[in-house]
Amino acid sequence: MASTVEGGEDRLGKYDLCMLMAIWMEMSPNAQPPDDPVPSSEEKAACVGVIALDGNLVHSKIFAAACSSKYSHGVNALALKYGQRLDGSTLFVSRKPCSECTKHMIQVGVKTVYYFPTKPEVKKEDDLAIVDHTMKVSHLAMKVLIPEVIRVKSQPPPYEATNDKEETKIAQKELEERFGDKPDALSDIQVPDDDTIEQRHQEFKEVLTWLAVKTRGDLPSAYIVQNPPPEMLKENEQELLRHAASLTYILAHRTTDPSTGVGAVLMNKKGDYLGFGYNGYQINASLADFSRYRGENEKDKQKVKYPYIVHAEANALLFRNEPEFDPNDTVLFSSKSPCNHCTFHIRHLGIKHVVAPESSQLPPAASGAIGYGKFDEYCKADAISKYMFTDSRKCNDNYAQGDEEKQQ
């Protein structure tokens, strides 16, 4: 983890973002060890989280996400669902895949797979040997990746950084119990000397710390959505909602916007992810191509960055992996309330459920190049249902205080 500028905000490279998302997908409330014993062993395969970048050679996009379930390994779930649509893709996996998953990646044309250096999906040495032998006669490249976070000068993401230290400790403990506190001996990580080993151990631990802060630390388990979208999976709906919202926080740190990071995800009510987005300049643009200026008044309207930034919600909708989807069965999550333009995109597609922060009455940009207010308008007209996280501890305190006042 590199920190290049003090007092700034964390930014992620694309591959670093994808690996952090894969780790978080393994922590999904829907994830569970597959119900198939490892051959010749009663030991089950470990849970795995997977993120796929599509095979676009010009500008690869986050295409899909999956995790292990009762009937399928995480990589297999992705391969079985998307098949040849994964041709040329790059996968990011929270553990070194097993031999069965490796075969399926080769069959559907996956080009490269990166994995986090924790214990492999299947720990048996004969399975690891099969993976290595399979790789020798395939086009598939398999590499270790420990994500890196860079600090840059900018304003922090607009979501409320709760920074709950107690929740962060709990989350960090859970992550370390699952992934360990240093790279696993079976992970094939290359370390040329003792100094590098110590550095890799530190980087590994910092990854889990960062993830704990940006997920449970910023969205504690006490935060709930009251009256959540209808027909959500009732047994773990609050966990699913928090997991998806935490993904928007992670995505917000990938932004190429010079001042404000926003993340968005599109999810159906079963917990399947349909689209991912973060805000930034258009495809193939470099940071020097367009203005980075926010503007101070309406005279600056032609000089500011806003006309050139594609918003996170728009990217999540444009890059969705299911062109045809049921808008009534879909929930859009954003780390910032949608602007007027994004609100129209949401309405055009017929999406009726949006989870966003409480502060939707945002002032327009000083230059007048971007505005807010339409989202609240549609919510008041019942065209869109907005859902917000509230701290259940405060709700209970207020309820208890009201009871005391009544008794007095």
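Predicted model: local features only at pLDDT ≥ 70, side-chain atom pairs only at ≥ 80, totals over all residues.
1. Let me start with the chain as a whole. The model has 11 helices and 16 strands. Of the 408 residues in the chain, 54% are buried. If you take the contacts between residues at least 6 apart in sequence, 73% of them join residues at least 24 apart.

2. Which residues of helix 4 are buried? They are Asp127, Leu128, Val131, Thr134 and Met135. These residues lie on the same side of helix 4, because the arc they cover around the axis is only 125°. Their packing partners are helix 3 (99–108) and strand 6 (141–144). Turn to the other side of helix 4 and you will find Glu125, His133 and Lys136 exposed.

3. On the helix 2 side, the contact is made by Val75, Asn76 and Ala79. Helix 3 contributes Glu100, Cys101, His104, Met105 and Val108.

4. Next comes the pair formed by helix 1 (residues 14–26) and helix 7 (residues 237–252). How do their axes cross, and within what distance do they come? The axes come within 10 Å and cross at roughly 165°. Since angles over 145 degrees count as roughly antiparallel, helix 1 is roughly antiparallel to helix 7. The crossing of helix 1 and helix 7 is right-handed.

5. The side of helix 1 that takes part in this pairing is worth a look on screen. Leu17, Leu20, Met21, Trp24 and Met25 of helix 1 meet residues of helix 7.

6. Glu43 sits in the loop between helix 1 and strand 2 (49–53). Is Glu43 buried, exposed or partly exposed? Its relative accessibility is 34%, so Glu43 counts as partly exposed. In sequence, Glu43 and Val122 are 79 residues apart, yet their C-alpha atoms are 8.6 Å apart in space.

7. Two backbone angles deserve a friendly flag. Most residues other than glycine have a negative phi. Asn227, however, has a positive phi, near 50°. This residue belongs to the loop between strand 8 (223–225) and helix 7. With a relative accessibility of 67%, Asn227 counts as exposed.

8. Where is Asp382? Asp382 is placed in the loop between helix 10 (374–380) and strand 15 (385–387). Its phi is near 65°, again a positive value in a residue other than glycine. Asp382 has a relative accessible area of 67%, over the 50% cut-off, and is therefore exposed.

How values were computed:
Residues numbered from 1 in each chain as written. Heavy atoms only, no water. Buried < 20%, exposed > 50% of the residue type's maximum accessible area, 1.4 Å probe, protein only. Helix = DSSP H or I, 4+ residues; strand = E, 2+ residues; numbered from the N terminus. Arc of directions from axis to C-beta. Contact = heavy atoms within 4.5 Å. Axes fitted to C-alpha atoms, helices over the stretch in contact; angles between N-to-C directions. Parallel < 35°, antiparallel > 145°, perpendicular 65-115°, else oblique. Left-handed = near helix turned anticlockwise from the far one by under 90°.
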